[in-house]
Amino acid sequence: MSFEGFPDEAFAFYEGLIADNSKAYWTDHRATYDRCVKAPMQALLAELEPEFGAATFFRPYRDVRFSKDKTPYKEHAGAVVTDDAAGRSALYVQVGADGIYVGGGYYRTATDQARRLRDAIAEDRTGPQLVRLLDALTEAGFEVNGEQLKRLPKEYADDHPRVELLRSKSLFAGRALPPGGWMHTAECGQRIVASWRSLQPLGEWLERHVGASRTETARRRP
């Protein structure tokens, strides 16, 4: 099956799930999910794999064991390309009621990774490289995010030129692709590919200067 975009029913399915996130709704509309969400996503990931690597397609069920929100189903379908053992940066794609979202970077880090991230930001050779990458992504319509410390670590000066970035514990960029008829055609895959290619320089910087955790298992995905 070649990827020809997501049909209207995929987005309507999630609109309905947001309104009624229940087992009854899911059971009544499971065939729509399988045909209009799961099958196209699997076809998309198969087309992306030769260039970006194998992806994990997340289960539609929420883990509610430790959450106050007990709604049973995720209100989007997401997939990620990542290899924690090799320290690769994640590439993420999501489809939901409001359209398609793409992102990439380190969504979560272990303690040793966060320290190496800040050290690379502080360093006068590697830090400016990162700033240029982030500026280019911002100009292309991506939003830069990441978990931050409440206070600047004491080893860095308050007047450091990259002081805001030095509070980073993780770092990623993403953008919502504007809805349109292209989402229902093969152009959808082309736009996702273009976005992931734009994110790759950030991922390469992170892999080169941060890499995998040397002390613990860290997840770098939403």
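Reader: Which residue in β4 is the bridge partner of leucine 91?

Author: This is a predicted model, in which local features need pLDDT of at least 70, side-chain atom pairs count only at pLDDT 80 or more, and totals for chains, interfaces and linings use all residues. Residues are numbered from 1 along each chain as its sequence is written, and side-chain values use heavy atoms, without hydrogens and water. Strands (E, at least two residues) and helices (H or I, at least four) are DSSP runs numbered from the N terminus. β3 and β4 (residues 99-106) pair antiparallel over seven bridges, where pairing takes at least two DSSP bridges, and leucine 91 has as its partner in β4 glycine 104.

Reader: Is strand β3 (residues 90-96) mostly covered or mostly open?

Author: Buried means under 20% relative accessible area, exposed over 50%, and partly exposed in between, with a 1.4 Å probe and protein chains only. Leu91, Val93 and Val95 point one way from β3, Ala90, Tyr92, Gln94 and Gly96 the other way, and all are buried. With seven of its seven residues buried, β3 is mostly covered.

Reader: How are helix α3 (residues 111-122) and helix α5 (residues 187-209) oriented to each other?

Author: Their axes, lines fitted to C-alpha atoms over the stretch in contact, are 9 Å apart at about 110°, on a scale from 0 to 180 degrees between N-to-C directions. Angles under 35 degrees count as roughly parallel, over 145 as roughly antiparallel, 65 to 115 as roughly perpendicular and the rest as oblique. Therefore α3 is, relative to α5, roughly perpendicular.
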